[in-house]
Amino acid sequence: MTTLPGLPTSYWLEAELKGAHPPPEHDEEADVAVIGGGMAGLCTAWEIARAGRSVILVEANRLGSGVTGHTTAKLSALQGLTYGHLRSAFGPRAAQLYAASQLQAVEQVGRVSAELGIDCDWERCDAYSYATREGGLDELRAEADAAEEAGLAAEFVPGTGLPFPVSGAVRASGQAQFHPLKFLAGLVDDLTERGGRIVEGTRITGLKEGSPCRLSTSRGVRITARDVVVATHYPIFDRALLFARMASRRELVVTGLIPMELDPQGMYHTQEQRTRSVRTAPYDAERRLLIVTGEKFTPGAGQVRERYAHLNSWMREHFPAAEPVHRWAAQDNWTTDRVPFVGLLHPAARHTYVATGFGGWGLSGGVMAGRLLTSLIMGDELAWAPLYDPRRLHLLREGRTLAERQVDTARHFVGDRLSSPSSDRLADLPRGSGAVVRRGARHLAVYREEDGALRTLSARCTHLGCLVQFNDAERTWECPCHGSRFDTDGSVVQGPAVRPLQAYAETDAPPRKVRDTRG
């Protein structure tokens, strides 16, 4: 079995947010309820409290432990090749509005950190979108032109600070990087001082829209609020059918310690080689922590251990001095038109809002979403609100991508059921491994514990019924259709699913269900 590099933990989570936010013991009421304790959720709750409204934030696990705690923590308005696409698909005005909203988000993190005295390793640096192949130069030059026209201090440059040759790059000055968990810790302190309430370990399981809205929870208590914000990375409520317009992707992260003098001095991103992202973070007086991201893949695609090995080899090839320290994985959602969904949840919504689909740029996107959603709830409308409105639909621009995603979902829904092997092969299942097998008419997700015992679950995702697949590096079950993830005991790790996989006592047909005691 391939040896994985580093410790299986996110560097950012080493600075886990302190303080207890216990689950509610009785029903709660507030002006606004925010679901999700990552960057988008906490920024929204903080903005709401600052605007003078009462707010309660509900997190299923721990604050910042989801996507925000597994990011690369780049704060950049330069986001791959976004501006060339926006200008081509929607016109120069859309690109300008997108740039203005993202630049404002970058500046807001620096300003709020200074105002609240948050030590979050804030650093100004240039951002680069680069290519190593000559074939990508025309696209880079077009991106540089579009980004500059949109309002970024951007230009095409022939070289970078990376320790390997590139064919060219777009450079945007005045961007930033920081420690997201340290920043959120400062927001939490200020939020609670302003009277905001936070509860952890509480999963929202139902929403009844109205005046007011009512939320049901995994703990039996109810939360009543005039307005509700769904900031759960992937919306846990499908009434808007946003799942049909998004695709989930995972990316792997490896880190290594390098001497200070080898710092490439910038944030770097390329779409080549299933993406590569490079930045560093402060570590000690003599070293920086190199953070390398890449190997983008669909959840449930498998061979994750090999992907980690490939990414680690890339880091060691290009940064030979790097000493591996950590490894982790991130997940995000891409919309069909490549613009996040931030605004009212669906066409009939009056008091329910959503923030999702940040396409790998959820830190600046989350800050932007907090301000935008607060303005909408308070009765204002920022200039870029229509650009992000989830109710938009550009069939001419989205139609092909939308159709391709539905075909891909249908392929998994049907094809994975046809290709599952018989459970007779379970005798060969190694310890620490999992497999989806057929037992009669059922599809089972079976994991062999380190002691040799088998743990058996239904392989049917509790979101919309696709079959989960096993991630051999993180030891999780993942849905390839919409990105839900489950632990080997079936409990939900990541939505949109809100209910655990059904547990069975054994693999014999028919499997015997066991009483569910999981949250």
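At 13% relative accessibility, C125 counts as buried, where buried means under 20% relative accessible area, exposed over 50% and partly exposed in between, with a 1.4 Å probe and protein chains only. C125 takes part in no disulfide, and the nearest cysteine sulfur, that of C120, lies 13 Å away. A disulfide here is a pair of cysteine sulfur atoms within 2.5 Å.

Before we go on, a word on the model: it is predicted, so local features need pLDDT of at least 70 and side-chain atom pairs count only at pLDDT 80 or more, while totals for chains, interfaces and linings use all residues. Residues are numbered from 1 along each chain as its sequence is written, and side-chain values use heavy atoms, with hydrogens and water left out.

Now have a look at C43. This residue is buried too, at 5% relative accessibility. C43 is in no disulfide either; C120 again supplies the nearest cysteine sulfur, 11 Å away.

So which cysteines do form a disulfide? They are C466 and C481, with their sulfur atoms 2.1 Å apart, and the count by this rule is one disulfide. The angle about the S-S bond is -90°, making the link of C466 and C481 left-handed. The pair joins distant parts of the chain, 15 residues apart: C466 sits in the loop between β20 (454-458) and β21 (469-471), and C481 in the loop between β22 (476-478) and β23 (485-486). Strands are DSSP runs of E with at least two residues, helices are runs of H or I with at least four, and both are numbered from the N terminus. Both partners are tucked away: C466 is buried at a relative accessible area of 3%, and C481 is buried at 9%.
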